[in-house]
Amino acid sequence: MVVAGHEKGHAVMKLLRTISTQRLLAIIAGLVIAVAGGTAIAFAAAGSGRLPARESLATALHQAAAAPAVNAISARISFTDNLIDSTALQGSDPILSGATGRLWLSTSTHQLRLELQGANGDAQIVVKNGAFSIYDPMSNTVYKGTLPTGGSQTGKATTDTLPSVAQIQSELKQLAQHIDIAGPYPRNVAGQPAYKVVLTPKHSGGLLGSVQLAWDATHGVPLGIAIYSTGSSSPVLELKATHISYGAVSARVFKVSPPAGAKVVRISTPAGHAAAHAKVAKAAGKSKHGKHAAKPNTEITGARGVQAHLPFTLAAPKALDGLPRQSVQLLDWGGSPASLATYGQGLGGIAVIEQTAAGQSSSGSGSQSPGGLNLPAVSINGHSAQELPTALGTVLRFSSGGVEYTVLGSVPPTAAEMAARQLVP
């Protein structure tokens, strides 16, 4: 299930602006791992060990919710990454190429460490004290940021009421209007009796074929995630456990320091976006297009309202590649105003970011990012564009008339290119 919001979008925009393409992909893949690993490990194929009893999905979920809390987890893992075609990769990056590694999680202290071991060094993802750090050995860079605050993080037990089987079944019925749910299938994962379910979008799924999830039937701990693209029998991303144990984890495990001389990059997160958005809106309101500064914490939406705060002419056509425009909103792009327009519904939609061009361009039949990704260059109405095709979607970026356009979506390259050509003459 994917949850999106404009504040989370601001963090992604900041990331796109400040790092190279490979580093961006490393962070995205790393965060996917952290989200999956934040609750446990992804499932492997069914093992030969003990299986749980067959149950309805509502009953299996109720049993998981009612299971005693697990304070700590240790595991050995294997991560597979087929997001990018191997011909576009140079070197051995454990996040982009896949690797084996280890994971430690302390739920009582809200700490996580995931280590992926590679020939050129180990990638490390650490979450503790409300902050995260991701170390990329290929560039010897540490990306640091603060987690969004969404509630109490004191570690005290909550008093939430356990939902009944009937209540869970009612929620599943609502979910089934949008997603096909198969399972639960009894499995044995890393020696643990587990249940597996397969979730498939009913419509507007883009290139996403299905998501497979598994959880420990005894401990109620999610055991993982595997993501498949349409028409593929092999996962695009999979994080699976080869061994898992429940028990105390030493505090020393989470004390990880990057190598000396590592570059540190700060990543903006939603915590500081309210103030930043107000600052941008105020500054943009004084531009040659703006007549009034926006009030603090006011979200600027709509093509006309956003245009009033941009120093360039907004494209944002009413339709793109046959998809109707859904929304237009003002973004904070490192202190400068930018726009985000969305088209279509669900994961099959397309998003377009418009910002003032930085004055850099690429040329030739292909370009290599600093991190070693060979990316094809395509022509968009005579403008050279850098394109990143993946198994789950496409990102395309080009400049025209002093404006930089980024087109992205869970669509094939041909669809992204068609949309891009409708943005400029």
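In the hairpin of β13 and β14, Asp321 takes a positive phi near 50°, and there are 2 residues between the strands. That is a handy place to start a tour of this model, which is a predicted one. Strand β13 covers residues 319–320 and strand β14 covers residues 323–333; the two run antiparallel and are joined by 2 bridges.

Next come the aromatic rings. A pair of aromatic rings is described by how far apart the centres are and by the angle of the planes. In this structure there are 2 aromatic pairs. Tyr195 and Trp215 make up one of them: their ring centres are 6.0 Å apart and their planes sit at 45°, so this pair counts as tilted. It links distant parts of the chain, since Tyr195 belongs to strand β8 (residues 192–201) and Trp215 to strand β9, 20 residues apart. Tyr195 has a relative accessibility of 3%, so it counts as buried. Trp215, at 9%, counts as buried too. Phe398 and Tyr405 also pair up, with ring centres 5.1 Å apart and planes at 20°, so this pair is stacked. Phe398 is buried at a relative accessible area of 2%, and Tyr405 is buried at 5%.

Side chains of opposite charge can pair when their charged atoms come close. Searching the whole structure turns up 4 salt bridges. Glu115 takes part in one with Arg102, where the closest N and O atoms are 2.9 Å apart. Because Glu115 is in strand β3 and Arg102 in strand β2, this pair ties together parts that are 13 residues apart in sequence. Glu115 is buried, with a relative accessible area of 4%, whereas Arg102, at 27% relative accessibility, counts as partly exposed. Glu115 forms a salt bridge with Arg113 as well, and there the closest N and O atoms are 2.8 Å apart. In that pairing, both Glu115 and Arg113 are buried.

Elsewhere, Asp180 and Lys202 meet through their side chains in a salt bridge of 3.9 Å, N to O. Asp180 lies in strand β7 (residues 179–189) and Lys202 in the loop between β8 and β9, so parts 22 residues apart in sequence are tied together. Asp180 is partly exposed, with a relative accessible area of 41%, and Lys202 counts as partly exposed at 41% relative accessibility. As for Arg102, Arg113 and Glu115, salt bridges that share partners join them into one network.

Definitions and conventions
Residues numbered from 1 in each chain as written. Predicted model: local features only at pLDDT ≥ 70, side-chain atom pairs only at ≥ 80, totals over all residues. Heavy atoms only, no water. Phe/Tyr/Trp six-rings, centres within 6.5 Å; stacked < 30°, edge-to-face > 60°. Helix = DSSP H or I, 4+ residues; strand = E, 2+ residues; numbered from the N terminus. Buried < 20%, exposed > 50% of the residue type's maximum accessible area, 1.4 Å probe, protein only. Pairing = 2+ DSSP bridges.
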